[in-house]
Amino acid sequence: MGLLKRIKEDLDVVMERDAAAKSKAQVFFFYPGYKAIRNYRLAHRLFLNGHTFLAEWISKHTRKKTGIEIHPGAKIGKGVFIDHGMGVVIGETAEVGDNCTIYQGVTLGGTGKDSGKRHPTIGNNVMIGCGAKILGPFRVGDNCKIAANAVVLNEIPSDSTCVGVPAHIVKRNNIKVAPAKLDFNCIDLDQIHIPDPVSMELCHLRNEVERLTKKIEERGGNE
């Protein structure tokens, strides 16, 4: 598909999905998400044709103007809508399917452990909530919903909804998924395996109960 036609499609997508969009002129001149996608299309074309320096310049200039960083080597399908957009980062080997919606603060990044394919592949019709982080070279299936501030570190099957840190599936094919049994072993903080704050609090409470129970037993034995 021609570059201009794809850019026009991107404009139509914003008009369809954003109730605040009053005119195409408003979107074209003022919407940072649309501007970032529009500039990415050009930078990606240049990148594929070997003009990497110019492609990188467009990418960095766009980041400065919009707060959105999309590497020109990333692959982004049609109908992708970045809403608000500030703080969105999409890495070099990331792939985003068709008709996806990405909110502000989203990172499609790597963990620093991989080479080659380092960033996630996002399927079609995926919604990624604000602040969500998807880190690593795995796939998020079609029709998924990633909740705000979720941290996704493993593959997500299609038609799933996931939440939390680290993210876990709470619904699949519109059916609620029973929560996994909590592991009360405390986890060391690191940059990859981030503990669930709820599990950490339960771990603390369990340790406190055990401490108090032991005290009660000791006092009972002394009487």
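**Entry 1. Ground rules**

The model is predicted, so I kept to its limits: local features need pLDDT of at least 70, side-chain atom pairs count only at pLDDT 80 or more, and totals for chains, interfaces and linings use all residues. Residues are numbered from 1 along each chain as its sequence is written, and side-chain values use heavy atoms, with hydrogens and water left out.

**Entry 2**

I looked up the strand order first. Helices (H or I, at least four residues) and strands (E, at least two) are DSSP runs, numbered from the N terminus. Two strands count as paired if DSSP finds at least two bridges between them. In general, strands of a sheet pair through backbone hydrogen bonds, either parallel or antiparallel.

I found an open sheet of five strands in the order β1-β4-β7-β10-β13, and the pairing is parallel. Its edge strands are β1 (69-70) and β13 (151-152), each of which pairs on one side only. Val 89 stands opposite Thr 107 in β7.

**Entry 3. The four-stranded sheet**

I also noted an open sheet of four strands, ordered β2-β5-β8-β11, with parallel pairing. Here the edge strands are β2 (75-76) and β11 (139-140), and each pairs on one side only. Two bridges hold the parallel pair β2 and β5. Lys 75 has Glu 95 in β5 as its bridge partner.

**Entry 4. Salt bridges**

How many salt bridges does the structure hold? I have 11 on record, where a salt bridge is a side-chain nitrogen of Lys or Arg within 4 Å of a carboxyl oxygen of Asp or Glu. For exposure I used these classes: buried is under 20% relative accessible area, exposed is over 50%, and partly exposed is in between (1.4 Å probe, protein chains only).

Glu 95 is partly exposed at 28% relative accessible area, and Lys 117 is partly exposed at 30%.

Glu 9 and Arg 6 form another salt bridge, with the closest N and O atoms 3.5 Å apart. Both residues lie in helix α1 (residues 3-17), three residues apart, which is about one turn of the helix.

Asp 142 and Arg 139 meet through their side chains at 3.2 Å, N to O. I list Asp 142 as partly exposed at 23% relative accessibility and Arg 139 as partly exposed at 35%.

I also marked a network of salt bridges that links Lys 8, Asp 12 and Lys 24.

**Entry 5. A nonpolar patch**

Which residues form a nonpolar patch on the surface? I found Phe 28, Phe 29 and Phe 30, with about 360 Å² of accessible area together. Areas come from the Shrake-Rupley method with a 1.4 Å probe, and for residues only the protein chains shown count as cover. Patches take residues with over 30% relative accessible area and no salt bridge; like charges are joined within 9 Å, and nonpolar side chains (Val, Leu, Ile, Met, Phe, Trp, Tyr) within 5 Å. Phe 28 sits in helix α2 (residues 24-30) and is partly exposed at 32% relative accessibility.

**Entry 6. Backbone details**

I looked for a cis peptide bond and found one joining Val 165 and Pro 166, with omega about -10°. Pro 166 lies in the loop between β14 (160-163) and β15 (168-172).

I then noted positive phi values outside glycine. His 84 has phi near 65°; this residue is in the loop between β3 (81-82) and β4, and counts as exposed at 54% relative accessibility. Asn 173 has a positive phi of about 50° and is not a glycine. The loop between β15 and β16 (175-176) holds Asn 173, which is partly exposed at 48% relative accessible area.
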